[in-house]
Amino acid sequence: MNSAHRPSVTKLAAPPALALVLLGAPAGPLFAQGIEYLSAGTATVLRDAPSPQSRALFMLRPGTPVEIVVAQDGWLRVRESGGTLSWVERSALSTRRTVMITVERATIRRAPREDAPPSFEAVRNVVLELLGPPALGWAPVRHADGLEGFVRAAEVWGL
């Protein structure tokens with residue numbers, strides 16, 4: 001085929017972080033997913049700018065998951081479950097993974113299936129420790145009281 005008849009192709013370079021997400025994405029329908037989530041440590045103050053002198057917006061309860069959006073000089077721009085963007089000092093967050101219940105009442109089951117017996121129930125805004133990666137729509141979790149089970153991924157924020 002002569003070059004005059006070849007379709008032109010423009011290569012677009014994806015940012016490295018985006019390329020990693022796309023390369024690691026499962027086959028099938030694409031879905032939005034946070035690149036990184038961390039959880040609030042004790043007395044985590046969210047601010048309107050990346051500075052200790054900036055206005056404090058509110059405090060997060062310990063363990064509350066936040067999505068990391070941008071990192072800048074020891075500060076992180078984060079999104080909380082309500083969608084609000086704010087700034088927090090990196091040192092105020094923990095690498096411990098948690099999720100927050102987003103439905104009125106979630107049944108946490110003993111196995112990752114709808115017909116499995118219930119382990120316990122959790123209400124909206126309860127924070128649970130994430131014990132491993134979600135699979136097939138279920139995430140393994142632990143309550144602060146020590147109860148464990150599987151929650152539907154659609155019923156939590158922080159994955």
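Residues are numbered from 1 along each chain as its sequence is written. Because the model is predicted, local features need pLDDT of at least 70 and side-chain atom pairs count only at pLDDT 80 or more, while totals for chains, interfaces and linings use all residues; side-chain values use heavy atoms, with hydrogens and water left out.

**The whole chain.** Start with a cartoon view: the protein has one helix and 14 strands (DSSP runs numbered from the N terminus, H or I of at least four residues for helices, E of at least two for strands). Of its 159 residues, 31% are buried (under 20% relative accessible area, with exposed over 50% and partly exposed in between, using a 1.4 Å probe and protein chains only).

**The largest core.** Now select V99, I101, A106, I108, F120, A122, L128, L130, A139, V141, V151 and V156, the twelve residues of the largest nonpolar core (buried Ala, Val, Leu, Ile, Met, Phe, Trp, Tyr and Cys residues joined through side-chain atoms within 4.5 Å). Apart from it lies another core of eleven residues, including L60, V78, V88 and A92.

Next, centre on A106. Leaving aside neighbours within four places in sequence, A106 is in contact (heavy atoms within 4.5 Å) with I101, F120, E121, A122, V151 and E155.

**Salt bridges.** The structure holds nine of these (a side-chain nitrogen of Lys or Arg within 4 Å of a carboxyl oxygen of Asp or Glu). Show the side chains of E121 and R105, which meet at 3.2 Å, N to O. E121 lies in strand β10 and R105 in strand β9, so this pair ties together parts that are 16 residues apart in sequence. E121 is partly exposed, at 46% relative accessibility.

Move on to E114 and R152, whose side chains form a salt bridge of 2.9 Å, N to O. Here E114 sits in the loop between β9 and β10, and R152 in strand β13 (residues 148-152), so the pair links distant parts of the chain, 38 residues apart.

One more pair to display is E148 with R142, where the closest N and O atoms are 2.9 Å apart. Both are partly exposed, E148 with a relative accessible area of 41% and R142 at 28%.
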